[in-house]
Amino acid sequence: MEHLKLIALQICLLITFSTAHTQPNQKVDLSKSLKVGDTFTPPSSVQLMRGEVKKIDWKALENKVVILDFFDTFCGTCIQSMPELQELQHKLKDKLQIFNVAWQDKATLDKFYATNAFLKENNVNLSVIFADTYLKERFPHQSAPHVIFLFKGKVHAVTGNRLVTEENILKLYNTGTVSLPLKDDFGKGDLAGQIDNASQKTREGVWITGYQDGVPGESMRIKKDSISGLIKTSFYNESISNAIKFTWAKIKPGNYITRAERRVFNVKNPEKYYDFGNEGDVWYVKNAICYERLDKMQRADSVQARVVLNDLHNFFGITSYKTMKEIECLILKPCPVKPYEGKAIEGAMDYMGTLILATMTDMGEQFPPVLDLVKSKEKITIGPYTNLEEFNEQLAAYGIEAVIGRGMQEVLVIEEVN
């Protein structure tokens with residue numbers, strides 16, 4: 001159990017600092033927030049650095065599409081998207097102006113840009129509004145990236161960074177309108193209230209819909225409603241595959257990451273179930289589902305998950321189960337100990353045993369899913385590596401070798417019922 005707690009802690013840290021980043025907790029006054037269609041009143045002044053724009057003339061910019069890209073120096077997704085934003089800025093400079101918007105001060109950002117090799121290699125030099133409070137008040141959010149489309153003095157979209165494309169920018173510029181999924185970090189799902197009359201919200205039932213605009217994605221949650229006394233089980237804007245995965249995690253918890261390689265789809269159209277193309281928002285708008293169930297009876301989580309699984313199976317005409325299957329793996333196996341003779345490793349991480357090492361390696365998705373044949377509880381310290389050879393040089397110090405081969409792994413199977 002202690003190992004599982006450590007896995008959960010390290011996974012939380014990895015997600016926080018490698019993908020979308022949650023910004024410091026502050027009390028948010030939503031009364032100042034702007035919505036799609038509202039008039040945008042620009043700040044009287046901003047602090048600006050980098051890029052070609054030395055002073056912002058908001059009036060002149062009304063004839064261009066203005067993108068406000070709120071980012072954080074710890075947000076890997078934000079940083080990864082910047083070269084693409086730079087290309088768009090260069091290609092559409094007569095029609096577009098992109099501003100990165102940061103809450104950090106100039107000293108922090110100067111250090112960030114001076115030390116970030118990725119941005120240097122890709123010649124990223126976008127204009128940055130720093131030490132911002134005004135724009136964040138108008139477009140409050142809890143996670144970055146967070147993107148705003150402005151045109152002709154109006155707010156046209158509050159959305160995710162995947163939607164900053166040439167097609168969407170030109171559509172807004174040429175037609176004066178664009179319809180994009182809403183990113184609202186403060187939105188809440190309420191299928192029962194939307195579908196039924198508000199006075200009927202105290203009755204039991206099951207509600208399943210498609211994508212709900214403006215509702216943040218949320219995995220399965222089971223809680224008691226303080227007003228009605230009913231037990232509410234819900235998830236919002238998730239793939240069918242993830243919905244099935246959530247329920248199985250409560251029925252039969254695993255100590256591994258259920259990556260795409262460990263999901264088997266015996267279905268006509270697998271793309272309906274899982275975002276194989278990593279399309280993000282675009283895919284979810286078409287394929288995501290939302291679910292709510294209200295019950296008078298409180299059950300153990302594992303029993304409630306069985307009930308939810310039955311709902312999903314019946315609604316979508318599917319069945320699901322876990323089984324063992326031979327797949328391509330990164331196999332951790334014992335080998336003779338060989339002291340590490342490389343350079344001192346900066347940024348090394350400690351893993352309390354091979355179980356946690358395997359889980360965290362799976363999170364990176366650099367290699368096939370890990371099969372741990374060592375099952376050591378010894379602390380393992382591993383620094384950054386770029387390939388399997390460098391990984392093995394460090395592993396050898398602990399008598400471990402990682403090889404790519406085939407092995408039996410537990411998989412989650414989703415089948416359509418004929």
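Modeller: Buried means under 20% relative accessible area. This model is predicted.

Biologist: Is Lys232 buried or exposed?

Modeller: The relative accessible area of Lys232 is 17%. The cut-off for buried is under 20%. Therefore Lys232 counts as buried.

Biologist: Which residue forms a salt bridge with Lys232, and which strand holds that residue?

Modeller: The partner is Glu292, with the closest N and O atoms 3.7 Å apart. Lys232 lies in strand β11 (residues 231-238), and the pair ties together parts that are 60 residues apart in sequence. Glu292 is buried, at 1% relative accessibility. So the salt bridge partner is Glu292, and its strand is β13 (residues 289-295).

Biologist: Which helix holds both Lys106 and Asp110?

Modeller: Lys106 and Asp110 form a salt bridge, the closest N and O atoms being 2.9 Å apart. The two residues are four residues apart, about one turn of the helix. Lys106 is partly exposed at 38%, and Asp110 is partly exposed at 34%. Both lie in helix α3 (residues 106-115).

Biologist: Glu261 forms a salt bridge with Arg259. Is Arg259 buried or exposed?

Modeller: The closest N and O atoms of this pair are 2.7 Å apart. Glu261 is partly exposed, with a relative accessible area of 38%. Arg259 has 3% relative accessibility, so Arg259 counts as buried.

Biologist: How many salt bridges does a search of the whole structure find?

Modeller: Some salt bridges are linked in a network, which joins Arg293, Asp295, Arg299 and Asp311. For the whole structure, the search finds 15.

Note on methods
Residues are numbered from 1 along each chain as its sequence is written. This is a predicted model: local features need pLDDT of at least 70, side-chain atom pairs count only at pLDDT 80 or more; totals for chains, interfaces and linings use all residues. Side-chain values use heavy atoms; hydrogens and water are left out. A salt bridge is a side-chain nitrogen of Lys or Arg within 4 Å of a carboxyl oxygen of Asp or Glu. Buried means under 20% relative accessible area, exposed over 50%, partly exposed in between (1.4 Å probe, protein chains only).
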